[in-house]
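Here is my note on this structure, in numbered points. Keep the model open while you read.

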Amino acid sequence: MELYIEKHLQWRLLTECDWDEVVALRAQMAALDDSVMPAIDRAFGSTQLEIEQGDAIGGWDAYGSLLAFGWNLRQPGDDELRIFLIGGVHPTHRYQGIGKAVLDWQIAQAISWRDEHCPQQKLWLGCYVEDIQPGLQRLLERHDFQVERYFFDMHRNLDQLPKPVEVAGITFVPFDIAMSPQVLALHNECFTSQISADTWESSLNADTFRSDWSWLALHDGELVGYCLSGTDDASGLDGVMEGWCDRLGVSAGYRHQGIAQSLLARTMHSMANSGCPAAGIGVDTPHPGVATWLTKTLGYEVRDGVTLMTKQLPPAVS
């Protein structure tokens, strides 16, 4: 099916047969832009996804090369339809209004699908924007998107480590696998994105997980904080193996007391004592000041940043 999006490229709906071309275009854009992580991977992982009929468009040049695409990835819910807007334009064809035209189509398509299939639900639209994409952020802002969350990758060498602070009433202990169910329960309390018991168990059984680098915080024997870590060869600075904080959380009633800071400091000391030269952490937060705090208190430095921008629309019918 051919359709008009804008004048520079030839457009049609994408199908499963176009998957290889989409992957190739994403790889080109990631390499040329020095991208942190393709938005599809950040939202849904790196496995192949089904292209639902009518949810994605592609634009080809006169030589048959795919140079732009837009893809709406749906996450149905009980009272809210969440749709991630994924897409991009090859660098050779930017600044011609193609990206705006694709975004306009995606928003209109998302609203149309919601109105047809679940008009009583709220509509949530989300788009990931890297620090290297100020043009995309301005475009989204003109469409009334606002920042919902910040994601930072932060790193530091494991020398001149900060001394772990003591917190009144809190006992810090090495990770104990017997407390895994409590840690999972607390993790799912701390974050809106829930982890299943099977996924959690798989992560603890992974070769990269290091229980000896992981710490727990207890108050009168009750779990109130955790820091689970492992190895990350791929993200190491200059190809050096790096310890990575995979999961960090503190119970809502115990935050802003220094528990997270102390957990991270103890983790870094554990890593350094085993010969690990560097540490990293991925930060997922609605507050951009968290990165500044990690730099001041623990010496981390931001390497990459990604912002989740969102827009919410009320139900089409009450």
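**Notes on the chain**

1. Surface first. The protein chain exposes about 16,200 Å², and carbon and sulfur atoms supply 49% of it. Accessible areas come from the Shrake-Rupley method with a 1.4 Å probe; for residues, only the protein chains shown count as cover.

2. Ground rules. This is a predicted model, where local features need pLDDT of at least 70, side-chain atom pairs count only at pLDDT 80 or more, and totals for chains, interfaces and linings use all residues. Residues are numbered from 1 along each chain as its sequence is written, and side-chain values use heavy atoms, with hydrogens and water left out.

3. Overall build. The C-alpha trace of the protein chain spans about 65 × 50 × 35 Å along its principal axes. The secondary structure comes to 8 helices and 12 strands. These are DSSP runs, numbered from the N terminus: helices are H or I with at least four residues, strands are E with at least two. Of the 318 residues in the protein chain, 45% are buried. Buried means under 20% relative accessible area, exposed over 50%, and partly exposed in between (1.4 Å probe, protein chains only).

4. Charges. The protein chain has 22 positive and 43 negative side chains. Lys and Arg count as positive, Asp and Glu as negative; His and the chain ends are not counted. The centres of the two sets lie 7 Å apart, taking each charge at NZ of Lys, CZ of Arg, CG of Asp or CD of Glu.

5. The sheet. In what order do the 12 strands of the open sheet run? The order is β1-β2-β3-β4-β5-β12-β6-β11-β10-β9-β8-β7, with mixed pairing. The edge strands, β1 (10–13) and β7 (171–174), each pair on one side only. Two strands pair if DSSP finds at least two bridges between them. Neighbouring strands are turned by 20° against each other on average, direction ignored. Axes are lines fitted to C-alpha atoms, for helices over the stretch in contact, and angles run from 0 to 180 degrees between N-to-C directions.

6. β6 and β12. Strand β6 (residues 146–157) pairs with strand β12 (residues 301–313) in the antiparallel sense, over 9 bridges. Met-154 has Val-302 in β12 as its bridge partner.

7. β9 and its neighbours. In β9, 9 of 11 residues are buried. β9 pairs in the antiparallel sense with β8 over 7 bridges and with β10 over 8 bridges. Leu-218 stands opposite Leu-223 in β9; Leu-228 stands opposite Arg-247 in β10. The hairpin of β8 and β9 has 2 residues between the strands, and Asp-220 in the turn has a positive phi of about 50°. Helix α5 (residues 180–190) lies across β8, β9 and β10, at about 95° to β9.

8. Two loop residues. Is Ser-251 buried or exposed? Ser-251 counts as buried because its relative accessible area is 17%. Ser-251 sits in the loop between β10 and α7 (259–273). Leaving aside neighbours within four places in sequence, Ser-251 is in contact (heavy atoms within 4.5 Å) with Leu-186, Cys-190 and Val-224. Val-167 lies in the loop between β6 and β7, and is buried at a relative accessible area of 9%. Not counting residues up to four places away in sequence, Val-167 touches Phe-172, Gln-257, Gly-258 and Ile-259.
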